[in-house]
Amino acid sequence: MEKDDFFEDLDNTSNIGDVIKESEEQLRQTRELREREKKMIREERRRRMIEETKREKKTEGEEAEPLPPVHGRHKKKNGIDDDVIISLNGVGKSYIKGVPTLEDVNIKIKKGEFVFIVGDSGAGKSTLIRLLLRELKPTTGTITVNGMRVDKIRNGKIPKLRRSMGVVFQDFKLLKDRNVYENVAFAQRIIQTPIREMKRNVPNMLAMVGLAGKYKAKTTELSGGEQQRVAIARALVNEPPILICDEPTGNLDPKNTVEIMNLLDRINKNGTTVVVVTHNDKIVNDMQKRVITIKNGVVVSDEEMGVYLDEDN
Ligand SMILES: Nc1ncnc2c1ncn2[C@@H]1O[C@H](COP(=O)(O)OP(=O)(O)OP(=O)(O)O)[C@@H](O)[C@H]1O
Ligand SMILES: [Mg+2]
């Protein structure tokens, strides 16, 4: 635009050649100056973003520390103990008005716990997970995750909430046209992790899930168990304090199922709170963890070292 106006003004000028040269030089200098300013603004924004990410990571990391000693424990503002990382209080959810899918769910999960959530198909397990992730809002009750009130959080804070939970699904949800490394690095890119940190974190995480040697493989070239390991690495690479798995072994054979469950157990022993939704009664009975059973949207049992109560057998 500026240049067009400028040429229009020149129509009546006699010494056109000199004026053009001079003015083009001025234009060039102005553009250079603007470019430099823009670059400085971009760099400043990037620097701030990195600082913010580091600060948030530090805060999240601090929250993920092991349980505080009992004597030092104090209550938070919203009345929830510091060592409780997930809390549902009187939670109900109706997709259709007056038809509750979940009813009066009261669950407290402490930092560092390993919890199975079991129940028949349609019981409301995935609905419960979607409420934690704030993919859905509860119809009644309050939900707190990692100190955040999920039921009344502002939209702008949802990414922060979701960064506190790594999520793994039955169908892996990997990027099919990308290799193993890129699938895990993708999660780091979203939170704008500096390249140097990413180059350290991704291989570390792949080694942790036993896939160090396969970082270049396309995900379509992997077995089901290996694909689920990539999904777990991706869920954990940003170091969330909580790992949530919805039927993580639903597509796996018994051998891979045991291996993935052992991996989840190891992740839990390293300090991550792990919540696993499953139908697999054998695994639940073998692992001797806390088991919460949901039936028709109601918690019907919640037991330490529980078993899968299957009324059909
Ligand atoms: N978006 C939706 N709209 C209406 N009803 C829904 C919706 N999503 C789930 N439901 C219903 O809510 C109930 C619970 O579904 P949910 O997916 O939570 O069950 P689930 O326990 O995870 O089952 P599964 O073990 O089969 O995965 C079901 O009756 C389902 O049909
Ligand atoms: Mg489900």
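## Helices α5 and α7

The axes of helix α5 (residues 180-190) and helix α7 (residues 224-236) come within 7 Å and cross at roughly 25°; axes are lines fitted to C-alpha atoms over the stretch in contact, with angles from 0 to 180 degrees between N-to-C directions. That crossing makes α5 roughly parallel to α7, a term for angles under 35 degrees. Helices here are DSSP runs of H or I with at least four residues, and strands are runs of E with at least two, numbered from the N terminus.

From α5, the contact draws on V180, N183, V184, F186 and A187, and from α7 on V230, A233 and R234 (contact: C-beta atoms, placed from the backbone, within 7 Å).

## About the model

This is a predicted model, in which local features need pLDDT of at least 70 and side-chain atom pairs count only at pLDDT 80 or more, while totals for chains, interfaces and linings use all residues. Residues are numbered from 1 along each chain as its sequence is written, with chains lettered from A and ligands numbered from 1 in the order in which they are written.

## The sheet

An open sheet of 4 strands runs in the order β2-β1-β4-β5, with antiparallel pairing (strands pair if DSSP finds at least two bridges between them). Its edge strands are β2 (99-110) and β5 (148-149). Strands β1 (residues 84-96) and β4 (residues 140-145) share 5 bridges in the antiparallel sense, and G92 stands opposite T140 in β4.

Technical notes: Angles under 35 degrees count as roughly parallel, over 145 as roughly antiparallel, 65 to 115 as roughly perpendicular and the rest as oblique. Two residues are in contact if their C-beta atoms, placed from the backbone, lie within 7 Å.
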